[in-house]
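Me: I am new to this structure. Please take me through it in short questions and answers.

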Amino acid sequence: MKKKLPITRTSITFISVFIMATAITLLCGSRGAGISGNAGEADSLKGLKDYYRNYFPIGVSVAPNSLEGAQGEMIKRQFNSLTAENVMKPALIHPEEKMYSWDNADKIVNLALANGMKVRGHTLCWHSQTGAWMFRDSRGNTVTKEVALARLKDHITTVVSRYKGKVYAWDVLNEAVVDDTDPAKVFRESQWYKICGEEYISKAFQWAHEADTGAVLFYNDYNTENPVKRDKIHNLLRKLLAQGVPITAVGLQGHWNINDPSEQNLRDAIDKFSSLGLKVQVTELDVSVLSSRTDTVKTYTPEREKKQMDFYKMIFKVFREKKDVITGVTFWNVSDGRSWIDRPNRRAYPLLFDYDLKPKKAFWEVVNF
Ligand code: XIL
C-alpha cells in the first residue's frame, strides 16, 4: 500500500493535472476557436460588397430562384448588384413577336430592389439567345432592314420602359465586334449586321436612351483586353460618340483565365476606353483555371489555386486603383458549382466561392487590402 500510495497520489495528481490541462486546452481551444470562429463569422458577415463599399458595387449573375434558401442569404450578404444570367435576354423575355414573358425578369428585379440591390439589364441586342422570329417573316424569309429595325425598336422600347427607374444600367449591345485578328474586320457577321448594316448599333443606343434617359448605356464585349479587338472597339465607340450616340459605358465581360489578360493589357484596356470619357465595368467576371478550350482538368491543384489567387489579387488591385472609372464589378455566377463554364470533365473553378458556397483562398486575396 505504502509503496502504492505515492503512485496513487502521483496518479491522482497526474489525472487532476491532466484534467485541468485538458479543460484549459479545451477552454482555450474552444475560446480560440470561438474567437477565430467569431472573427470568421464576423468576416463572413462582411461581404464583398462591404469591403468594396468605398469603391464600386459588386454584382453577381442570377437565375430567378437564386435568391432562395442558403444561397439567397449568401448572395444578399456578399453582393449589392444583380444581373439576370439569362431571363432578360431577347429570346427569353420576348420569345415571340407579340409575346413578352416578364415573370422571371420581374422576379429578379423585384427581389433586388426589395433587398436594396442595384440591377444591371442584360442584354437588349445580341446575335445569340435571340428569337429566330426577329429575323424572319411568316413565310420564313429574311425580313427587310426596315422590319428588323422596327422590331428592334419595339423590343428595346418595351423592355427598357418597363424597368425604367429600376434597372439602372443596360448592356444595350453585346458582342458586336468580331475577334478576327485582321484589324480591318470590325463587325461580327450577325443577323443584325447582315440585315441592317452598322445602323442597328446607333439605333439601339438611341432607342434605349429615349426609353430611359437616366439609364447608363453599355457596349459590352469579351476579349476587350486583346489589343487588336480593344482597338477595334475603341475606334468604333469613338466614332459613335462623335456622332452623338448616347453610349455612356463599356463592359469588359471579364471571362478570363489565370494566364490572361496580363496586368498591362488590363490596364491599357481600361485606360483606353475611359479616355473616351466612358465609365468601365467588369460585367461577367470569372477566372478559369483552364487556359484554353482544349485544356481539361478535374483537380484544383495547389499551383492552379495559387495562380488564381495571384490573378484575382492583381485584377482587384487594378480595379481599386482605377475606381474613378470602374463603376461596378459583376461575377458571372455565384460559385464554382454554379458556373456556366463548369463541366464534369472540364472543371474551371472560376469564382471566389467553392462548391459549398464557402469563400476560397482567392476570396481573401480580393478583400484583404
Ligand atoms: C451565358 C449564360 O451564362 C449561360 O447560362 C447561357 O447558356 C449562355 O449565355 N457572354 C454573355 C452572357 O454576354 O450572356 C453569356 O451568358 C456568357 C457570355
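Me: What share of the residues of the protein chain counts as buried?
Reply: Keep in mind that this is a predicted model. A residue counts as buried under 20% relative accessible area. The protein chain has 369 residues. The share that counts as buried is 48%.

Me: How many helices and strands does the protein chain have?
Reply: The contacts give some background. Among those with a separation of 6 or more, 75% join residues 24 or more positions apart. As for the elements, the protein chain has 12 helices and nine strands.

Me: How far apart are the end C-alpha atoms of α11?
Reply: Start from 1.5 Å a residue. The 20 residues of α11 should then span 28 Å. The model agrees, as the end C-alpha atoms are apart by 28 Å.

Me: Which elements do the buried residues of α11 pack against?
Reply: The buried residues of α11 include Met-309, Phe-311, Tyr-312, Ile-315 and Phe-319. Arg-304, Glu-305 and Arg-320 are also among them. Their packing partners are β1 (58-62), β7, α10 (263-274), β8, β9 (326-331) and α12 (361-367).

Me: Why does Val-329 count as buried?
Reply: Val-329 lies in strand β9. Leaving aside neighbours within four places in sequence, its contacts include Ile-58, Val-282, Leu-285, Phe-316 and Phe-319. The cut-off for buried is under 20% relative accessible area. Val-329 counts as buried because its relative accessibility is 0%.

Me: What is the distance in space between Val-329 and Glu-284, C-alpha to C-alpha?
Reply: In sequence, Val-329 and Glu-284 are 45 residues apart. In space, C-alpha to C-alpha, the distance is 7.9 Å.

Me: Which residues is Trp-170 in contact with, leaving aside its neighbours within four places in sequence?
Reply: Trp-170 is one of the residues that touch the most other members of the largest nonpolar core. Contact means heavy atoms within 4.5 Å. By that rule its partners are Met-88, Gly-121, His-122, Leu-124, Val-159, Val-160, Tyr-163, Ala-215, Val-216, Leu-217 and Phe-218.

Me: Which residues lie closest to the centre of the largest pocket?
Reply: The largest pocket has a volume of about 910 Å³, and 31 residues line it. The lining divides into eight nonpolar, 13 polar and 10 charged residues. Closest to the centre are Tyr-222, His-255, Arg-293, Trp-340 and Ile-341.

Me: Which helix gives the largest share of the lining of the second largest pocket?
Reply: The second largest pocket holds about 180 Å³ of space. Its lining has 10 residues, with Met-74, Arg-77, Leu-357, Lys-358 and Pro-359 nearest the centre. They divide into five nonpolar, two polar and three charged. The largest share, four residues, comes from helix α3 (residues 69-78).

Me: How much space lies in the largest cavity?
Reply: A search of the whole structure finds one cavity of 30 Å³ or more. Residues lining the largest cavity include Cys-125, Trp-126, His-127, Arg-188 and Tyr-200. The lining divides into six nonpolar, three polar and two charged residues. The space in the largest cavity is about 40 Å³.

Key. Residues numbered from 1 in each chain as written. Predicted model: local features only at pLDDT ≥ 70, side-chain atom pairs only at ≥ 80, totals over all residues. Heavy atoms only, no water. 1 Å grid on protein atoms, 1.4 Å probe; cavity = no way out; pocket = protein on both sides within 12 Å on 5 of 7 lines; lining within 4 Å. Points joined across faces, edges and corners; volume = space filled by probe spheres on them. Nonpolar A, V, L, I, M, F, W, Y, C, P; charged D, E, K, R; others polar. Helix = DSSP H or I, 4+ residues; strand = E, 2+ residues; numbered from the N terminus. Core = buried A, V, L, I, M, F, W, Y, C linked by side-chain atoms within 4.5 Å. Buried < 20%, exposed > 50% of the residue type's maximum accessible area, 1.4 Å probe, protein only. Expected span 1.5 Å × (residues − 1).
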